[in-house]
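Subject: Structure for you to look at

Dear colleague,

I am passing on a structure that I would like you to read through slowly, with the sequence beside you. Please look at it once by yourself before you go on to my notes.

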Amino acid sequence: MRAISLFKNADPAKPIVALGQTYFAVQTRRQELSDEEALAGLTEKQRRLFIRGQLTLHNRQLAETASNAGVITSRDFAIFQDHGYKGLYGGLGAKENSCTQRVKIWQKILDHMGSTELAANLFRATQLKSKLGVRI
């Protein structure tokens, strides 16, 4: 994964860099198409569970990165997570979303989302990981 980071931040005017960036773009697109094909044959429940698993993995990696950056207490991490929800939901945090979706505050909101909303949250998590430079 280090190679991807190097190609992402290198000078695309150099032929070898442009070639590397093109290679990784093509491979990424191939994987996306493969994932779409695999998900197309699944029921809504199976899609939801698959995406939920991916989101769990990404959230663990983000928690580790946040911890390394100084987000130590559970309260700090809750604030960190809540800001992600606010960005995705037009300023509404997890608490406001729980009320809107009739989910009790002690329940995990992600466990009550459909596959489309989970995919939006997965996108949010992957974008944050990219900004933070987290490697998969």
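The notes below describe what was found.

The model is predicted, so local features need pLDDT of at least 70 and side-chain atom pairs count only at pLDDT 80 or more, while totals for chains, interfaces and linings use all residues. Residues are numbered from 1 along each chain as its sequence is written, and side-chain values use heavy atoms, with hydrogens and water left out.

The chain has six helices and zero strands, where helices (H or I, at least four residues) and strands (E, at least two) are DSSP runs numbered from the N terminus. Of its 136 residues, 24% count as buried, a term that means under 20% relative accessible area, with exposed being over 50% and partly exposed in between (1.4 Å probe, protein chains only). When contacts (heavy atoms within 4.5 Å) are taken between residues at least 6 apart in sequence, 53% of them join residues at least 24 apart.

Helix α2, which covers residues 15-40, has 26 residues and reaches 37 Å from its first C-alpha to its last, close to the 38 Å expected at 1.5 Å a residue; that expected span is 1.5 Å times one less than the number of residues. Its buried residues are V17, G20 and L39.

L49 lies in helix α3, residues 44-68, and is partly exposed because its relative accessible area is 47%. The C-alpha atoms of L49 and L118 are separated by 9.4 Å, although these residues stand 69 residues apart along the chain.
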